[in-house]
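Me: Pick one part and look at it closely for me: the sheet, please. Then follow it to the ligand.

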Amino acid sequence: MNTLIYGANGQLGRDLLRVFASRGDCVGVDLPEVDVGDPEAVGKTAIDAAPDVIINAAAYTDVDGAESDAETCWRVNVDGARHVAVAAESVGAAIVYVSTDYVFDGSKTTPYLPEDRPNPTGVYAESKAAGEDAVMEAATRWFIVRTAWLYGPGGNNFVEKMLALARNHPKLRVVEDETGSPTHTKDLAEAIAALVQTDAYGIYHGVNRGQCSRFAFVQAIFEMAGLDVSVQPCSAAEFPSAAPRPAYSVLDPAALERVTGEAMREWRDALRRYMQRREELA
Ligand SMILES: NC(=O)c1ccc[n+]([C@@H]2O[C@H](COP(=O)([O-])OP(=O)(O)OC[C@H]3O[C@@H](n4cnc5c(N)ncnc54)[C@H](OP(=O)(O)O)[C@@H]3O)[C@@H](O)[C@H]2O)c1
């Protein structure tokens, strides 16, 4: 299989590149060479690579920054999504668009299913939901894979931010009233690789199994890192942010598992695997 990845320097993009390069020909592009907001550059890249599958992991991911820079966010996450989907269609490739748990408003109390109706709040969330729509409109062979709370090597993610904070803070307060699905980029990349072997086009939730609060996530991170940091629970209201966050955005990966025939790893096992990788890469 010949694969083309846009956004290949991001934390997910890098793991996608590793996984797909081990299974076939794979080309990865990112800024500054290829801007997904530029339809000509996107189209030319697709023609040159002649892929069977295109994965769009390029995104504007600054959730709070998007509130004051909606134009850039929309250009990347919506216009970019459309340009990549149009390019995939024109070269006869299937497309994977990576989306987010934030398309949901968080009002459910049980894991979100792919068929649940999005109700995004905030510019980033709205742009990703509109990106999904753009892909469904422009392409015929599409997979939309929503993920959540992603962490991977080299990423500016929650795990790394908490480990950095722990260096200078013996005590931390962490939000307890946000619950989600922490997900290791490697597991998501492997699941996407299995998914594109099928022609079961549609919307999927690509996350590690289980759920936890930010507070429980941090407790697990510090325990696995062997750090003795006092962590106190607090409410999200104590850390006001520019963009709203869903209080509950757990995603159910069962549909993805049914199609790939592979169970997603439980979030604690996935985190343990990531902590080991960090040590190997250090
Ligand atoms: N991170 C999370 O917790 C999370 C949660 C749910 C869903 N997702 C989704 O998962 C996907 C991957 O996220 P990630 O965490 O890997 O994000 P990331 O590390 O920020 O990677 C995104 C990549 O896209 C690139 N990019 C930005 N603007 C671009 C443009 N105009 N043209 C081409 N490339 C551009 C970025 O380059 P620069 O770094 O130079 O800007 C970066 O290399 C995204 O679709 C995101 O919405 C992420």
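**The sheet and the ligand site**

Reply: Six strands form an open sheet in the order β2-β1-β3-β4-β5-β10, and the pairing is parallel. Its edges are β2 (25-29) and β10 (202-205), each pairing on one side only. Neighbouring strands are turned by 20° against each other on average, direction ignored. This is a predicted model, where local features need pLDDT of at least 70 and side-chain atom pairs pLDDT 80 or more, while totals for chains, interfaces and linings use all residues. Numbering starts from 1 along each chain, and side-chain values use heavy atoms, without hydrogens or water. Strands here are DSSP E runs of at least two residues, helices H or I runs of at least four, numbered from the N terminus; pairing takes at least two DSSP bridges.

Zooming in, β1 (residues 2-6) runs parallel to β2, joined by five bridges, and Tyr6 has Val29 in β2 as its bridge partner. Helix α1 packs on the sheet, touching β1, β2, β3 (53-56) and β4, at about 165° to the direction of β2. Helix α2 (residues 39-49) also packs there, touching β1, β2 and β3, at about 160° to β1. Contact means heavy atoms within 4.5 Å; angles run from 0 to 180 degrees between N-to-C directions of axes fitted to C-alpha atoms, for helices over the stretch in contact.

Now the ligand: 24 residues surround it, with Asp30 and Tyr124 among the closest (near means a heavy atom within 4 Å). Strand β4 gives the largest share of that shell, three residues. A ligand oxygen lies 2.7 Å from a side-chain N or O atom of Asp30.

Technical notes: A polar contact is a pair of N or O atoms within 3.5 Å; within protein, one must be able to donate a hydrogen and the other to accept it, and residues adjacent in sequence count only if both atoms are side-chain atoms.
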